[in-house]
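Please keep the sequence and the model at hand while reading the numbered points.

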Amino acid sequence: MLTTAGGVEGRPLMTDVLSVSGLFEGSEDIAVARELARAFLADARTGHGLAVSEDAAGAVELVVSELVTNARKHAPGPCLLTLEVVGGAVEVSVWDSNPALPAVHGPDPTRIGRHGLEIVMALGQSFAVHREPVGKRVTAVVALADGIPGAPVDPVPQHKGETGASGALDSPGHGH
């Protein structure tokens, strides 16, 4: 007989899921959320043998900080942070009680503040916002290793004046 979750036969109990959650209620908890992310990734490295680059660890910590900060700033009550390893990435998910979807602003170097979601979207492989029965859930997926898993590796380093992965030209005389 198959081990089941919730007594439903045919649905295997998942034992290889690596995840952690934390409930945060105050602005001082943002530092605690970052520490939770650091400890989770350290455990993924040492306790589970997963390769986690320093850049990826920094990116996950920054995404956690931005998403928990937004939830604490814009939603009444607590927020729930969940970190889960999915394939070669960490899914960072923050639930809060405010049903209003966040406004994602386009890049604007003259704007002061409100760049958090831009940062999250730049660091992640994906970004999604879902309405929940109460509130919303914001999720970003960050690769554990540098680069995007499965993406082609460019063996020739890019130099100033050449186009990179973004396609932007960074050379004098082009208005930059």
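Which residues does R72 touch, not counting residues up to four places away in sequence? Point 2 gives the reply, after a short account of the basis of the note.

1. Basis. This is a predicted model, in which local features need pLDDT of at least 70 and side-chain atom pairs count only at pLDDT 80 or more, while totals for chains, interfaces and linings use all residues. Residues are numbered from 1 along each chain as its sequence is written, and side-chain values use heavy atoms, with hydrogens and water left out.

2. The surroundings of R72. Residues up to four places away in sequence aside, R72 touches F24, E25, G26, S27, I30, G77, P78 and C79; contact means heavy atoms within 4.5 Å. R72 lies in helix α2, residues 54-74. Helices (H or I, at least four residues) and strands (E, at least two) are DSSP runs, numbered from the N terminus. R72 and F24 are separated by 48 residues in sequence, and their C-alpha atoms are 8.2 Å apart in space.

3. Why is R72 classed as buried? The relative accessible area of R72 is 18%, and buried means under 20%, exposed over 50% and partly exposed in between (1.4 Å probe, protein chains only). S65 also belongs to helix α2. S65 is buried because its relative accessible area is 12%. With neighbours within four places in sequence left aside, S65 is in contact with I30 and R34.

4. The chain as a whole. The chain contains 3 helices and 5 strands. Read from the N terminus, its elements follow the pattern β-α-α-β-β-α-β-β. Of the 176 residues in the chain, 31% are buried. Among contacts with a separation of 6 or more, 54% come from residues 24 or more positions apart.

5. The sheet. In what order do the strands of the open sheet stand? The order of the 5 strands is β1-β2-β3-β5-β4, with antiparallel pairing; two strands pair if DSSP finds at least two bridges between them. At the edges are β1 (19-24) and β4 (126-131), each of which pairs on one side only. On average, neighbouring strands of this sheet are turned by 15 degrees against each other, direction ignored. Helix α2 packs on the sheet and touches β1, β2 (79-86), β3 and β5. The direction of α2 makes about 10 degrees with that of β3; axes are lines fitted to C-alpha atoms, for helices over the stretch in contact, and angles run from 0 to 180 degrees between N-to-C directions.

6. Two strand pairs. Strand β3 (residues 89-96) pairs with strand β5 (residues 136-143) in the antiparallel sense over 8 bridges. S93 stands opposite T139 in β5. The antiparallel pairing of β4 and β5 extends over 6 bridges, and H130 stands opposite R137 in β5. The hairpin of β4 and β5 has 4 residues between the strands, and G135 in this hairpin takes a positive phi near 80 degrees.

7. Helix α3. L123 is located in helix α3, residues 116-123.
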